[in-house]
Amino acid sequence: VLVPQRAKSENKFYQCMRDKEATETERKKLSLNLEKAAKAIEKLTESEKNLGGRVVSCHVRMATCAASL
């Protein structure tokens with residue numbers, strides 16, 4: 001009587017362990033993707049700041065050129 005119950009309990013235990021491993025793998029994958037996205041956002045924000053500075057510089061040059069005409 002105990003042997004079938006033990007086997008059933010062991011099967012449940014191993015299924016839980018597989019689920020836990022799958023969840024941990026998914027968590028690590030999502031964490032890595034989040035880290036990559038954060039780095040990409042950081043680079044894009046820096047690029048946006050640089051481009052904004054260049055636009056201002058171009059406007060100043062245009063104003064200078066227009067004033068000299």
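Two exercises on a predicted model follow, each with a worked solution.

Residues are numbered from 1 along each chain as its sequence is written, and side-chain values use heavy atoms, with hydrogens and water left out. In this predicted model, local features need pLDDT of at least 70 and side-chain atom pairs count only at pLDDT 80 or more, while totals for chains, interfaces and linings use all residues.

**Exercise 1.** Find which residue forms a salt bridge with R6, and state how exposed R6 is.

Solution.
- Step 1. A salt bridge is a side-chain nitrogen of Lys or Arg within 4 Å of a carboxyl oxygen of Asp or Glu.
- Step 2. The partner of R6 is E10, with the closest N and O atoms 3.1 Å apart.
- Step 3. R6 and E10 are separated by about one helical turn, because they are four residues apart in helix α1. Helices are DSSP runs (H or I, at least four residues), numbered from the N terminus.
- Step 4. R6 counts as exposed because its relative accessibility is 58%. E10, at 35%, counts as partly exposed. The cut-offs are under 20% relative accessible area for buried and over 50% for exposed, with partly exposed in between (1.4 Å probe, protein chains only).

**Exercise 2.** Determine how many disulfides the structure holds, and check C58.

Solution.
- Step 1. A disulfide is a pair of cysteine sulfur atoms within 2.5 Å.
- Step 2. The structure holds zero disulfides.
- Step 3. For C58, the nearest cysteine sulfur belongs to C65 and is 10 Å away, and C58 is in no disulfide.
- Step 4. C58 counts as partly exposed, since its relative accessibility is 41%.

Technical notes
Helix = DSSP H or I, 4+ residues; strand = E, 2+ residues; numbered from the N terminus.
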